[in-house]
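Morning, everyone. Let me put the structure up, and then I'll walk you through it.

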Amino acid sequence: MEAQKEHSILVIEDNPSVNKLLEIFLFAEGYSVYKAYNGKEGLELFYKYLPDLVLSDIHMPNISGIELCAEIKSREEFRLIPVILLTAAKDIEKNISGIEAGADDFITKPVNRVLLSARIKRLLQTKMMNEKLDNSWSMLYSLAKIIEARDSYTEKHTIRVARLAQSLGAELGLPGEKLDILAQGGVLHDIGKVGIRDNILCKPGPLTKEEFDIMKTHTQIGYEICRGLKSLKDVADIIYSHHEKYDGSGYPQGLAKDEIPLLAHIISITDVYDALTSDRSYRKKLSFEEAARIIINEKGKSFEPDMVDIFINKVIE
Ligand SMILES: [Fe+2]
């Protein structure tokens, strides 16, 4: 059958009559269908056509459905392609292995068509939504790279801040989802600099008061860029508050102590440390010892004292 419809589904099933039935049903539902009769052939067709969804039997000659699923999901570029495994009733052990392999759903054989149709629709909708989010993230990531390219002295700064912030977050015992937000916050924290003129952003030397007031607006600009994206709400808060200081002398709001969002404070300390240990247009990079001394000196001023201790003793030791 021709693969010309909006969504394509790869059916991998070694039983020819079940394979045929699935093909007829899915085609009638408006999908284009690729068919394979074993795991090896299934993987070949997967890489050839990159379908929108995979529907695979578990028990098959050579490569099993679970092995096939694990291979697909092990590749970052394919992780958003949903895999549904067809299982025998009460095959709980296989289901657990399937979950570990990254399967998105299970359908028990004999296949209930209404159920299969509903599950496929839901997974394809989720896939499209996730792809949109991925695109938004890619766009913002590119924007962050453009900003770095404008100022040769900040090359790779954001990636280093992201890594340091994740390490500090882990030492503070934060859960995985917060560490993910820190990684995004590290990359995007200065994205508002896209709205700062070159003669200020790239000025080789200290800024005047007026110029510094303009530079400060990068927190607000970055916040405005990201706050519209629901998935980046926490990241927007980091961007807005990453120049706040523990003693209340930072900007834009002059927040102090516990008023400063924890994740923003983590980005603040790692941002300053990486800036100190990198070359700038107006000075050479400082040694680890010199930078550590400056950070320690800011205990209770720019930074929360316990966080400074953990950062110095556990993260950059
Ligand atoms: Fe900044």
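Start with a term: a polar contact is a pair of N or O atoms within 3.5 Å; within protein, one must be able to donate a hydrogen and the other to accept it, and residues adjacent in sequence count only if both atoms are side-chain atoms. Here is one: the side chains of Glu211 and Lys203 are joined by a polar contact of 2.7 Å.

Two ground rules. This is a predicted model, where local features need pLDDT of at least 70, side-chain atom pairs count only at pLDDT 80 or more, and totals for chains, interfaces and linings use all residues. Residues are numbered from 1 along each chain as its sequence is written, and side-chain values use heavy atoms, with hydrogens and water left out.

Back to Glu211. It sits in helix 9, residues 209-216. Helices (H or I, at least four residues) and strands (E, at least two) are DSSP runs, numbered from the N terminus. Is Glu211 buried or exposed? Buried, at 17% relative accessible area. The cut-offs: buried is under 20%, exposed over 50%, partly exposed in between, with a 1.4 Å probe and protein chains only.

Five strands make an open, parallel sheet, ordered 2-1-3-4-5. Strand 2 (32-36) and strand 5 (105-109) are at the edges with a single partner strand each, so one side of each has no neighbour in the sheet. Pairing needs at least two bridges found by DSSP between two strands. Strand 1 (residues 8-12) and strand 2 pair over five bridges. Ile12 stands opposite Ala36 in strand 2.

Last, domains. The assignment, automatic or from a database, gives domain 1 (8-129) and domain 2 (151-315). Their C-alpha centres are 45 Å apart.
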